[in-house]
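This report is written for a reader who has the sequence and the model at hand. Please look over both before reading on.

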Amino acid sequence: MGPYELDARRCVSYLTIEQRGAIPVEMRPLIGDWLYGCDLCQEACPQNSARAKQIPNDENHEPFSMRIGGDFQILKEILDIKTDEEFVEKFAGSPMKRAKRVGLIRNACVVAANVSATELLPQLQDLAKNDPSDLIREHATWAIGQLELL
């Protein structure tokens, strides 16, 4: 790859929003605490830097993406969503609907492991055993394995 080129398959926004299948195992730790999108490329892009308006970083401005950091309650609420209908109701009018229930819960499993959220093991274990989605079961099982290494 040359200057100013990127591999979209390694993009956090691609992996957490557009990717419909499994997040490659080697990429999961790189997701960090990004639950949905990231927009860091917008900040780093030299094409944008000349045109971009600075958005104040305060409580009056919502971020374009969702980072979890130490807010495990948000992860718990997402991991507890059991149906597509419940997901749609919770995220009506939100761009997060684009990830769909399966994608957002997949992402939450990865983030839970990445932020060492051991208190979420019961939710992850329930998903690994009982969720109808193979994709969610796979990511929940991976997250459990990561958290059990701690």
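**Overall make-up**

The structure is a predicted model. The protein contains nine helices and two strands. Read from the N terminus, its elements follow the order α-α-β-α-α-β-α-α-α-α-α. Of the 150 residues, 38% count as buried. Among contacts with a separation of 6 or more, 65% join residues 24 or more positions apart.

**Two helix pairs**

Two packed helices are described by the angle between their axes and the distance between the axes. The table lists these values for two pairs.

| Pair | Angle between axes | Distance between axes | Handedness of crossing |
|---|---|---|---|
| H5 and H7 | roughly 140 degrees | within 9 Å | left-handed |
| H8 and H9 | about 140 degrees | 8 Å | left-handed |

Helix H5 covers residues 72-79, and helix H7 covers residues 100-114. Their axes cross at roughly 140 degrees, which makes H5 oblique to H7. On the H5 side, the contact is made by Leu75, Ile78 and Leu79. On the H7 side, the residues are Leu104, Ile105, Ala108, Cys109, Val111 and Ala112. Sorted by type, the residues of this contact are nine nonpolar, no polar and no charged.

In the other pair, H8 and H9 pack at an angle of about 140 degrees, and they are therefore oblique to each other. From H8, the residues Leu121, Leu124, Gln125, Leu127, Ala128 and Lys129 take part. They meet Ile136, Arg137, Ala140, Thr141, Ala143, Ile144, Leu147 and Glu148 in H9. The residues of this contact divide into nine nonpolar, two polar and three charged.

**Helix H9**

Helix H9 spans residues 134-148, which is 15 residues. From its first C-alpha to its last it reaches 21 Å, close to the 21 Å expected at 1.5 Å a residue. The buried residues of H9 are Leu135, Ile136, His139, Ala140, Trp142, Ala143, Ile144 and Leu147. An α-helix has 3.6 residues a turn, so residues three or four places apart point the same way. What covers the buried residues of H9 includes helix H2 (28-31), H7 and H8.

**Gln123 in H8**

Gln123 lies in helix H8, which runs over residues 121-130. Is this residue buried or exposed? Gln123 counts as buried because its relative accessibility is 14%, and the cut-off for buried is under 20%. Leaving aside residues up to four places away in sequence, Gln123 touches Lys76, Leu79 and Asp80. Of these, Leu79 is also one of the H5 residues in the contact with H7.

**Two residues with positive phi**

Most residues other than glycine have a negative phi, and most peptide bonds are trans. Which values of phi do Lys100 and Ser116 have? For Lys100, phi is near 65 degrees, a positive value in a residue other than glycine. Lys100 is found in helix H7. Ser116 is not a glycine either, and its phi is positive at about 55 degrees. Ser116 sits in the loop between H7 and H8. With a relative accessible area of 35%, Ser116 is partly exposed.

Note on methods: Residues numbered from 1 in each chain as written. Predicted model: local features only at pLDDT ≥ 70, side-chain atom pairs only at ≥ 80, totals over all residues. Heavy atoms only, no water. Axes fitted to C-alpha atoms, helices over the stretch in contact; angles between N-to-C directions. Helix = DSSP H or I, 4+ residues; strand = E, 2+ residues; numbered from the N terminus. Parallel < 35°, antiparallel > 145°, perpendicular 65-115°, else oblique. Left-handed = near helix turned anticlockwise from the far one by under 90°. Contact = heavy atoms within 4.5 Å. Nonpolar A, V, L, I, M, F, W, Y, C, P; charged D, E, K, R; others polar. Buried < 20%, exposed > 50% of the residue type's maximum accessible area, 1.4 Å probe, protein only. Expected span 1.5 Å × (residues − 1).
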